[in-house]
Amino acid sequence: MRQKESDIRPVAATNQICDVIYLESVQRFLDEIDRKKWTLHASCPMCGAGAVADPFVKNGFNHSACPKCELHFVNPMPDTASIAHWYDTSEHHKAFNRLIEKVSDQRREILYKKRLNQLREITDFRSIVEIG
């Protein structure tokens, strides 16, 4: 069963985050960084499919979608320095972390209970190595 974003990000939390995004000046961020260092992907960065489609803009960022694996990604993709700057200065990021803390138990239940049950079916838990 495919999980929906609403399963792990409650609507109220998502709406509050969206409000913060618009209050925060995304344009300020975009003005402060050097977009020339960003990487434009003609193919999917995850599966390598040769064509990306469905371009759209969200919060000032261009996005692409892979028709094969369905990955949606910012395109062009920010460089490491730009991403670090976003996380260091973004009110959106800080607000998101505060809200996620409030629903962490619910997220854990949804995200991990199914996986744990699947593991119980295939192992005795004495021979598991978790990577990543």
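Two strands are taken to pair if DSSP finds at least two bridges between them, and strands (E, at least two residues), like helices (H or I, at least four), are DSSP runs numbered from the N terminus. The model is a predicted one, in which local features need pLDDT of at least 70 and side-chain atom pairs count only at pLDDT 80 or more, while totals for chains, interfaces and linings use all residues. Residues are numbered from 1 along each chain as its sequence is written, and side-chain values use heavy atoms, with hydrogens and water left out.

Strand β2 is joined by 3 bridges to strand β3 (residues 72-74), the two running antiparallel, and within this pairing H63 of β2 has V74 in β3 as its bridge partner. The two strands form a hairpin with 6 residues between them, and E70 in the turn has a positive phi of about 70 degrees.

Of the 5 residues of β2, 4 are buried, where buried means under 20% relative accessible area, exposed over 50% and partly exposed in between (1.4 Å probe, protein chains only). H63 is one example, at 12% relative accessibility, and its side chain reaches the backbone oxygen of F61 at 2.9 Å.

F61 also takes part in the 1 aromatic pair of the structure. Its ring and that of W38 are stacked, 6.2 Å centre to centre with 5 degrees between the planes; rings of Phe, Tyr and Trp (its six-membered ring) pair if their centres lie within 6.5 Å, and planes under 30 degrees apart count as stacked, over 60 as edge-to-face and the rest as tilted. Because W38 lies in the loop between α3 (26-32) and β1 (53-58) whereas F61 is in strand β2 (residues 61-65), the pair ties together parts that are 23 residues apart in sequence. W38 counts as buried at 8% relative accessibility, and F61 counts as buried at 13%.

Note on methods:
A polar contact is a pair of N or O atoms within 3.5 Å; within protein, one must be able to donate a hydrogen and the other to accept it, and residues adjacent in sequence count only if both atoms are side-chain atoms.
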